[in-house]
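Biologist: I would like to learn how to read a structure of this kind. Could we go through it feature by feature?

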Amino acid sequence: MTGLELKNHQVWRDLTEILESLDANILVLEHLEQCDYKVCGYWDEQDEYYETITLPRDLDTELVSSYIGVTHKERFLQLKFLLMADTGNSKFSFDAIQAPNNNTQKIGELVLIYNENLEFVDENWLLDIDSSMLEIS
């Protein structure tokens with residue numbers, strides 16, 4: 001058996017360098033602006049359909065994971081973001097405790113997928129539809 005260890009392989013150093021040099025915040029903000037901070041045709045976990053969900057414009061985003069996938073035919077980059085809204089002076093809620101500070105509330109997650117040319121391929125939303133920060137229609 002070959003004594004190759006991936007942890008010491010150049011590919012990991014290359015991937016780490018790519019992910020460190022990538023400004024993921026620009027990618028997510030660009031995506032939010034392109035969709036005008038709206039999610040159209042959203043199905044929640046209980047299979048309820050929502051025509052349009054409008055996100056607050058002053059969203060904070062945080063990259064929580066990055067993943068590089070390789071199949072026989074393609075390679076892709078997957079970025080997962082937390083979406084947090086500033087609650088300002090709104091009343092204290094349990095949800096606010098789960099966010100980084102008491103003025104923000106986690107309202108969902110967004111996964112963006114790009115091909116090897118860094119062209120947008122797909123998105124996946126997981127939203128807290130009970131959040132008062134979302135405008136649902």
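The dialogue below takes up confidence, layout, sheets, core and some single residues.

Modeller: This is a predicted model, in which local features need pLDDT of at least 70 and side-chain atom pairs count only at pLDDT 80 or more, while totals for chains, interfaces and linings use all residues. Residues are numbered from 1 along each chain as its sequence is written, and side-chain values use heavy atoms, with hydrogens and water left out.

Biologist: What does the protein average in pLDDT?

Modeller: The term pLDDT stands for the predictor's confidence in each residue, from 0 to 100. The protein averages 86, and 87% of the residues score at least 70. Over residues 89-99 the pLDDT is below 50, and this stretch has 10 contacts in the model beyond near neighbours in sequence. A contact means heavy atoms within 4.5 Å.

Biologist: How many helices and strands does the protein have?

Modeller: Both are DSSP runs numbered from the N terminus: helices are H or I with at least four residues, and strands are E with at least two. The protein has 3 helices and 7 strands. Along the sequence they follow the pattern α-α-β-β-β-β-α-β-β-β.

Biologist: Which strands make up the open sheet, and in what order?

Modeller: Two strands pair if DSSP finds at least two bridges between them. The open sheet has 3 strands in the order S1-S2-S7, with antiparallel pairing. S1 and strand S7 (135-136) are at the edges with a single partner strand each, so one side of each has no neighbour in the sheet. S1 is joined to S2 by 5 bridges, and Val39 has Ile53 in S2 as its bridge partner.

Biologist: How many residues lie between S3 and S4 in their hairpin?

Modeller: That hairpin has 4 residues between its strands. Strand S3 (residues 60-70) runs antiparallel to S4, and 10 bridges join them. Gly69, for instance, has Phe76 in S4 as its bridge partner. S5 and S6 are also antiparallel, joined by 7 bridges. In that pairing, Gly108 is opposite Leu127 in S6. The hairpin of S5 and S6 has 4 residues between the strands, and Leu118 takes a positive phi near 60° there.

Biologist: How many residues are in the largest nonpolar core?

Modeller: As a general idea, nonpolar side chains in soluble globular proteins tend to be buried together. Here "buried" means under 20% relative accessible area, "exposed" over 50%, and "partly exposed" in between, with a 1.4 Å probe and protein chains only. A nonpolar core is a set of buried Ala, Val, Leu, Ile, Met, Phe, Trp, Tyr and Cys residues joined through side-chain atoms within 4.5 Å. The largest one has 24 residues, and those with the most contacts inside it are Tyr42, Ile53, Leu55, Leu59, Trp125 and Leu127. Helix H2 (24-34) and strands S1 (38-43), S2 (49-54), S4 (75-86), S5 (104-115) and S6 (120-127) each supply at least two residues of this core. S4 gives the most, with 5 residues. Of the 137 residues of the protein, 31% count as buried.

Biologist: What does Ile53 touch?

Modeller: Leaving aside neighbours within four places in sequence, Ile53 has contacts that include Tyr42, Leu127, Leu134 and Ile136.

Biologist: Is Glu109 buried or exposed?

Modeller: Glu109, which lies in strand S5, is buried, with a relative accessible area of 15%. The side chains of Glu109 and Lys80 are joined by a polar contact of 3.4 Å. A polar contact is a pair of N or O atoms within 3.5 Å; within protein, one must be able to donate a hydrogen and the other to accept it, and residues adjacent in sequence count only if both atoms are side-chain atoms.

Biologist: How many aromatic pairs does the structure hold?

Modeller: Rings of Phe, Tyr and Trp (its six-membered ring) pair if their centres lie within 6.5 Å; planes under 30 degrees apart count as stacked, over 60 as edge-to-face and the rest as tilted. The structure holds 4 such pairs. Trp43 and Tyr49 form a tilted one, 5.0 Å centre to centre with 55° between the planes. Trp43 is exposed at 52% relative accessible area, and Tyr49 is partly exposed at 41%. Tyr114 and Phe120 have ring centres 6.1 Å apart and planes at 75°, so this pair is edge-to-face. Tyr114 is buried, at 4%, whereas Phe120 is partly exposed, at 41%.
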